[in-house]
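Dear colleague,

I am handing over the structure below, and after it I set out what was found in it. Please keep it open while you read, so that you can look up each place as it comes.

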Amino acid sequence: MMAALSISDLVAGYHNRPVLHGVSLDTEPGTMAALIGPNGHGKTTLLKTVSGLVPARSGAIRIFGQAIETAEVHERVEAGLVHVPQGDQLFGEMSVEENLHMGAYLRDGAEVPRALEEVYAFFPRLAERRGQSASSLSGGERRMVGIGRGLMAGGKVMMIDEPSLGLAPLIIEQIYEGLRGLSRADRAFLVVEENPSRLIGIADRICLMDAGRIEWSGTAAEVAGSRDILETYLGGH
Amino acid sequence: MDIVIQILVTGMTLGAMYALAAVGLSLIFGTLGMFNMAHGLFMTIGAYAAYAAAEQFGLPLVVAVLAAMAAGAAMGVATHLVMVRFMLRSKAFETNVIVATAGLAILLQDFVLKLFGGYPYPQPVRIEGVVRLFDVAVARQSLLIIAVAMVLIGAVAWLLLKTRFGMAIRATAINREAAQLMGVRTNSVYLQVMALAGALAGVAGVMISSLSTLSPSMGGDPLLKAFVICVVAGLGNAWGAGVSAFALGLLEAAIQYYVGVRFGFPVMLVLVIAILIWRPQGLFGTEKVVRL
């Protein structure tokens, strides 16, 4: 079966500081994979390299078989890649609804109203706030706009950098379950998460990233049950 | 009453010309983060293009104005393609690009001088005559300038707020990386903004020269005023720049009438300094603190 997102031997970094030292990772269609690991070990850089914000020095990236490692950022979006970045990166002076519209920038205009309805059903709070400027929202609401904007693209591979950041536990659960519900045979999720216990029953596979490599991968239950992994890499979460 | 109307018309005419220059300058600053020192020359070249079209080729005035817009847009596109795009990723882009565009301005001004000479030709693109407004004789050309500027600025506002193209420009201006992640071709957006701002500058040039004369150095003074307006409005805020342009135009006209013509600009500058001490981010500026 063809991988939704296939990364092999990816090397990348900033200026003279390499951050990724040969990352390989495959995600299957219809699944959710999660990246965990200590801060500053390349999780965010990996996502940025896949979306093209950070250039890859070597290695390959494929989306459903299509090679994208040398493509421009917008070409990767056209190929079906969605990246919800760390810190939301909302368009602060635009309204919530305009932000969501930007998420569907490359989509056929006729599909936008339905996508918008779906996002508002997913985050009813955003429907209440639709006319408000994004900069006036609370941290949790901003996160919802960030994820909602990503969903608007209707992409095939959706990468979310810390979907749970700044959200209340109940909403985190709701978001993960909601994303699970959106799972389809032609779509895959890759999320970055600090706390592996949130991923039990949600993520199909957990990849532990350390020092710019995938050190270990397995199921959420395996991670939560492994004292070694928790203590060595995650400071005993 | 007569005096008020006179000041209103003069001020709005000045404001209209400043607004066309300032909105473009502000759009470029907001989107690319660069202060375009060649903007004055975009105006000059627009003015000469209209002159050449009307005087040398005998084309209708409307076509001459379109020629000015085309020339201004072409200058914007060329500036981006041959210069700015290679500098965008460089360190200290903000300062380097000021020096580079200032150099380009000198080059272009000499080019205009070489091509047309220094003789202060009158701008043929103008309409003669006056209309009576409450017993005050108002030049038709002034009313035309105000009307054209209003229409163009309204069109730009519509473009920015209501179209997909405008959304892409605003998104790129607010957060370039996020815009890229939405699938926006930010390099094309830069090019389009340069073309749009250049076209507005071209029209501004025609208007300015129609009230005085053509000269290769005619863009210097309006560039300075447009820059001052952008700073007062808050750098990069195109809407604020348009409003501030009309406000400062009216203010300048009032000062010229009540205090004296030669005090117009100096008093305006003192006010600008006062405004910036009170609100360093400018009247309409919000979050960004810009260092100069």
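I begin with a helix of chain A, in which Lys43(A), Thr44(A), Thr45(A), Leu46(A), Leu47(A), Lys48(A), Thr49(A), Val50(A) and Ser51(A) are the buried residues of α1(A). A residue is called buried if 20 or more other C-beta atoms lie within 10 Å of its own, exposed if 12 or fewer do, and partly exposed in between, with the C-beta atoms placed from the backbone. Helices (H or I, at least four residues) and strands (E, at least two) are DSSP runs, numbered from the N terminus. Nine of the nine residues of helix α1 (residues 43-51) of chain A are buried, so this helix is largely enclosed by the rest of the structure. Just after α1(A) comes Gly52(A), which takes a positive phi of about 95°.

Before going further, please note that this is a predicted model, in which local features need pLDDT of at least 70 and side-chain atom pairs count only at pLDDT 80 or more, while totals for chains, interfaces and linings use all residues. Residues are numbered from 1 along each chain as its sequence is written, and chains are lettered from A and ligands numbered from 1 in the order in which they are written.

Chain A is divided into domain 1 (5-80 + 155-234) and domain 2 (90-149), with bounds that come from an automatic or database domain assignment. The C-alpha centres of these two domains of chain A lie 23 Å apart, and their contact takes 11 residues from domain 1 and six residues from domain 2. Two residues are in contact if their C-beta atoms, placed from the backbone, lie within 7 Å. On the side of domain 1 that touches domain 2, α2 (73-78) and α7 (169-181) of chain A each supply at least two residues, and α7(A) gives the most, with three residues. By class, that side of domain 1 has eight nonpolar, two polar and one charged residues, where Ala, Val, Leu, Ile, Met, Phe, Trp, Tyr, Cys and Pro count as nonpolar, Asp, Glu, Lys and Arg as charged, and the others, Gly among them, as polar.

Two further residues of chain A deserve a look. Asp88(A) lies in the loop between β6 (81-84) and α3 (96-103) of chain A, and has a positive phi of about 65° although it is not a glycine; with 25 C-beta neighbours inside 10 Å, Asp88(A) counts as buried. Trp216(A) lies in strand β10 (residues 213-218) of chain A, and with 19 C-beta neighbours inside 10 Å it counts as partly exposed. Leaving out residues up to four places away in sequence, Trp216(A) touches Leu208(A) and Ile229(A).

Where the two chains meet, the contact takes 14 residues from chain B and 19 residues from chain A. On the side of chain B that touches chain A, α6 (164-174) and α7 (176-181) of chain B each supply at least two residues, and the largest share, five residues, comes from α6(B).

Next come the helix pairs within chain B. Helix α3 (residues 61-87) and helix α8 (residues 186-211) of chain B pack at an angle of about 140°, with their axes 6 Å apart, the axes being lines fitted to C-alpha atoms, for helices over the stretch in contact, and the angles running from 0 to 180 degrees between N-to-C directions. That angle makes α3(B) oblique to α8(B), since angles under 35 degrees count as roughly parallel, over 145 as roughly antiparallel, 65 to 115 as roughly perpendicular and the rest as oblique. By class, the contact of α3(B) with α8(B) has 16 nonpolar, eight polar and one charged residues.

Helix α1 (residues 2-32) and helix α9 (residues 220-233) of chain B pack at an angle of about 65°, with their axes 8 Å apart. The residues of the contact of α1(B) with α9(B) divide into 12 nonpolar, one polar and one charged.

Finally, Leu200(B) has its place in helix α8 of chain B, and with 31 C-beta neighbours inside 10 Å it counts as buried. Leu200(B) and Ala22(B) are 178 residues apart in sequence and 9.2 Å apart in space, C-alpha to C-alpha.

With best wishes
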